[in-house]
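Hi,

Here is the structure I promised to pass on to you.

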Amino acid sequence: MKIVVDFDKCKSNAVCMGVAPEVFEVRDDNFLYILQEEPAEELRPKMEEAVRTCPAGAIELVG
Amino acid sequence: MAEPLLENITVVGASLAGLRAVETLRREGFAGRLTLVGAEPHLPYDRPPLSKELLAGIWEHDQILLRKAPYAGLELELYLGNPAVALDVGKRTVTLATGIEIAWDGLVIATGSQPRLLPNAPALDGLYTLRTLDDCFAIRTRLDAGARVCVIGAGFIGAEVAAACRSRGLDVTVLEMLEQPMVRGVGSVIGSVLAELHRDQGVDLRCSVAVDAIEGDGKVERVRLVGGAVVECDLVLVAIGAVPTTDWLIGSALTLDNGVVCDSSLLAAPLVVAAGDVCRWPNALFGGDLMRIEHWTNAAEQGVFAAHRLLSGDADTAFAPVPFVWSDQYGIKIQCAGRFKGTDRMELVHGALSDHRFVAIFESAGVISGVLAFNQPRQVMIYRRMIAERASFSDALSFAAANQ
Ligand SMILES: Cc1cc2nc3c(=O)[nH]c(=O)nc-3n(C[C@H](O)[C@H](O)[C@H](O)COP(=O)(O)OP(=O)(O)OC[C@H]3O[C@@H](n4cnc5c(N)ncnc54)[C@H](O)[C@@H]3O)c2cc1C
Ligand code: SF4
């Protein structure tokens, strides 16, 4: 499973970081950083939640 | 916990909460008949851009579709442009405007909310509210023609529309009854920051004023204020809040009181759940107070939760999130989480108001009840977590002091 974020759409509102801080981090520069591009399989439910709750529809799970 | 074996689920309201509900039902393995009913002719689309990118003219309809994957994968029976007009909880049927009767053994109510109207408003061309894509395009056409805009109400939507008008170089007047924009929600300190922001951007913001009449000959020409002042304009947007869409449920045996009243698991009646702007439920995180929330994240989360509730029959898990909302105005990300009143004690813990980059936290009964920030999304999520954990206000202050 790979996390792909469309940075043109991302609005850096950090909702994904609220769901899974181990994968998504918005830093003080207000940019989103992906801490693990290929998170472990047990994180899938959280990743799906991040996809569903991203207000910009910017996150995609591949694989 | 009884596991009802559902075969026939109907979701009424084809927007954010309704779409998340049908997606969740399929994802969790519901293989029966699934019907989605919507009053609007459009497939589910995203509303926040209606007062932002779409109105500003930088986005189009295809950029706000809520579901990117094909609908075929959901195997829906889809009725669009065909509102439900009646619900019979005993017979388990929903009747649509065209007379079609749909039987169900599980029902999700997700009919959202609609703009509150001004009492006694005249029927004039150029008088609008903003809730739907059609509203947005109608207003946008007027903006394209250079309309002079008068917005009544400086809440989230009114403030965003003003910002969108200024981004297009249009004259805009905002009329607010209270002493500051959004003052009930954000308090007078941040309310005055917002007021200054709008005025700096060229909005003619008039607070503590009351509208006497909207006047014109067939079309909007002016708004008259109590006291006699007059705002000349071609378009009036009434943005004075929203009311839950429950008219179709009157007489249905559900409890209606500023929304569909549900239990803590979002159940409104046996086999009936509600989600989104229409739902009023006791949030256990805030002492079980009945809440109704009109924000995006809540509708998305409740759509998922309510669908799961229906399928699993789990009555014991409560829906108890920390409410979260954002607003974009003049490139500033305004975000709030929690539940607080403008009158709660507030402390500024990071940044400076004048830089438009700060974090303020609110206190209620010794715990941190809310966070409000401009351009500090990272911090909002950190404090949101503390609110969920009911951290004491003094712990939140110590955390802030240690993280300057
Ligand atoms: C202009 C605007 C800007 C916004 N900006 C933000 C923002 O920046 N941040 C934020 O957090 N939130 C924002 N919101 C709020 C957010 O969009 C709503 O909370 C969200 O849309 C609620 O989703 P919902 O599915 O519960 O209801 P709605 O989106 O209201 O959808 C309900 C749907 O049900 C349909 N319906 C109604 N009655 C019937 C019936 N009888 N039969 C069938 N269908 C029916 C309606 O036509 C509608 O399509 C904004 C809202 C608006 C209008
Ligand atoms: S939730 Fe979406 S928009 Fe927000 S920071 Fe994450 S990817 Fe970006």
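Below is what I found, going from the contact between the chains to the two ligands.

Please keep in mind that this is a predicted model.

Let me start with chains A and B. Their contact draws on 20 residues of chain A and 23 residues of chain B. About 1,800 Å² of area is buried between chain A and chain B, with carbon and sulfur atoms giving 49% of that. The polar side of this interface is worth a look too: 10 residue pairs are in polar contact between the two chains, counting pairs with both residues at pLDDT 80 or more. Three salt bridges cross the interface of chain A and chain B.

Next comes ligand 1. It is surrounded by 33 residues, and the closest are S15(B), E40(B), R47(B), K52(B) and R131(B). D277(B) places a polar side-chain atom 2.8 Å from one, whereas L16(B) comes to 3.3 Å through a backbone N or O atom. E294(B) likewise uses a backbone N or O atom, at 3.4 Å from an oxygen atom of ligand 1.

Finally, ligand 2. The space it takes is the largest cavity. The residues around ligand 2 come from chain A, including the run from C10(A) and K11(A) to V15(A) and C16(A), as well as L32(A), C54(A), P55(A), A56(A) and I59(A). By class, this shell has nine nonpolar residues, two polar ones and one charged one.

Enjoy exploring it!

Best wishes

Definitions and conventions. Residues numbered from 1 in each chain as written. Chains lettered and ligands numbered in written order. Predicted model: local features only at pLDDT ≥ 70, side-chain atom pairs only at ≥ 80, totals over all residues. Heavy atoms only, no water. Near = heavy atom within 4 Å. 1 Å grid on protein atoms, 1.4 Å probe; cavity = no way out; pocket = protein on both sides within 12 Å on 5 of 7 lines; lining within 4 Å. Sits in = over half its atoms within 2 Å of the grid points. Nonpolar A, V, L, I, M, F, W, Y, C, P; charged D, E, K, R; others polar. Contact = heavy atoms within 4.5 Å. Buried area = accessible area lost by both parts, 1.4 Å probe. Salt bridge = Lys/Arg side-chain N within 4 Å of Asp/Glu carboxyl O. Polar contact = N/O pair within 3.5 Å; in protein donor to acceptor, adjacent residues only side chain to side chain.
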